[in-house]
Amino acid sequence: MRVNPRKAAIVGCGFVGASIAFRFLQQGLFSKLVLLDVDREKAEGEAMDLSDGLPYASPVEITAGTYDDVADCALVVITAGANQKPGETRLDLIGKNTAILRSIIGEITARDFGGILLVVSNPVDVLTYAAWKLSGYPRQRVIGSGTVLDTGRLKQLLGEELRVDSRNIHAFIVGEHGDSELAVWSGANVSGIDLEHFCRLRGDGLHAADMDRLYQSVRDSAYEIIKRKGATYYGIAMAVGRIAEAIVRDEHAVLPISVVLEGQYGQEGLALSVPSIVGRNGLEEVLEISMSRGESLALSASARQLKEAIAALKL
Ligand SMILES: NC(=O)c1ccc[n+]([C@@H]2O[C@H](COP(=O)([O-])OP(=O)(O)OC[C@H]3O[C@@H](n4cnc5c(N)ncnc54)[C@H](O)[C@@H]3O)[C@@H](O)[C@H]2O)c1
């Protein structure tokens, strides 16, 4: 079916799905937005509530729909599934959420869908790989939100620490969106000025202990938020909005989305987050950035953990 570049769907209208819909509404990226949830009334209620804001936004038709409405979407965001309860890791969600994903992918592939699948449900890297495998779509069209959120968290914390606009910080969190993720400190810079030099210019130092503290805050951020308010949704909504913008505007933007690897970084048979170019067709290219030896080893360890989780799924 012909893809409508201005039409998107969100499958799963819980905290995350509804927040992403709200973000899309504010961005004015789409002219049609379809909401789906097993709880049909929830999707209807969200569509009604969001539509009340239309006089203060750009025109967009927001409806609670069915999978038939998904077929011509340029982008389908999957947020259905259980979220982490206090103390639970993302990998603990694997069984429940893979079963849910399987049913969703079955519905989508039964239609003539030609758009991009963007997986957000956790564990996002495992589910991105599962969505790719189960759908049979080219890997360019099946991506995950990956560590775009975590990278934003790192930029925000580093910006605070260095007293500089977080948008001027270039640094990546890569690997699993989860406990084994890592920060690529070796390439971090502030508008092209390497981190150490920038700190000297500011009369400060950023020591190994500071970096470790910042990394741990990023890695444990979701746990801390969930402990306090039960779920995380605004940050991920902003991150997904950024990915959607890169797709709709064909930006060729560099974002650490979760992608199926085919030998890059010496890895295959899994999806994980590495800097990638994102545009109208989804994944354009995986960028193999240089890393220190320690970072490369940590990336391999993260990949090993994800592969074990994938193997247990028997896809
Ligand atoms: N990738 C990230 O960075 C990130 C960040 C935050 C949350 N998440 C994940 O997003 C997911 C959703 O979190 P939440 O807080 O919105 O949870 P939630 O419980 O509020 O919402 C989940 C929604 O999915 C719906 N659902 C369940 N099965 C479905 C199906 N088969 N088809 C359609 N809808 C179905 C439920 O009815 C519910 O409305 C979780 O897996 C969570 O871990 C990911």
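How far from an oxygen atom of the ligand does a polar side-chain atom of histidine 177 lie? The distance is 3.0 Å.

This is a predicted model, in which local features need pLDDT of at least 70 and side-chain atom pairs count only at pLDDT 80 or more, while totals for chains, interfaces and linings use all residues. Residues are numbered from 1 along each chain as its sequence is written, and side-chain values use heavy atoms, with hydrogens and water left out.

View 1. Besides histidine 177, the side chain of asparagine 97 has an N or O atom 3.4 Å from a ligand oxygen. A nitrogen atom of the ligand is 3.3 Å from an N or O atom in the side chain of serine 145. Of the 860 Å² of accessible area that the ligand has on its own, the protein covers 86% (Shrake-Rupley method, 1.4 Å probe).

**View 2. The shell around the ligand.** The ligand is surrounded by 25 residues (a heavy atom within 4 Å); the closest are Val16, Asp37, Ala82, Asn83 and Val120. Domain 1 (4-144) and domain 2 (148-311) both contribute to this shell, so the ligand lies between them; the bounds come from an automatic or database domain assignment. Helix 3 gives the largest share, 3 residues (helices are DSSP runs of H or I, at least four residues).

**View 3. Helix 5, residues 148-162.** Buried residues (under 20% relative accessible area, 1.4 Å probe, protein chains only) include Val148, Leu154 and Leu162. Arginine 163 follows helix 5 and has a positive phi, near 55°.

Terms used: A polar contact is a pair of N or O atoms within 3.5 Å; within protein, one must be able to donate a hydrogen and the other to accept it, and residues adjacent in sequence count only if both atoms are side-chain atoms. Helices (H or I, at least four residues) and strands (E, at least two) are DSSP runs, numbered from the N terminus. The expected span of a helix is 1.5 Å times one less than its number of residues. Buried means under 20% relative accessible area, exposed over 50%, partly exposed in between (1.4 Å probe, protein chains only).
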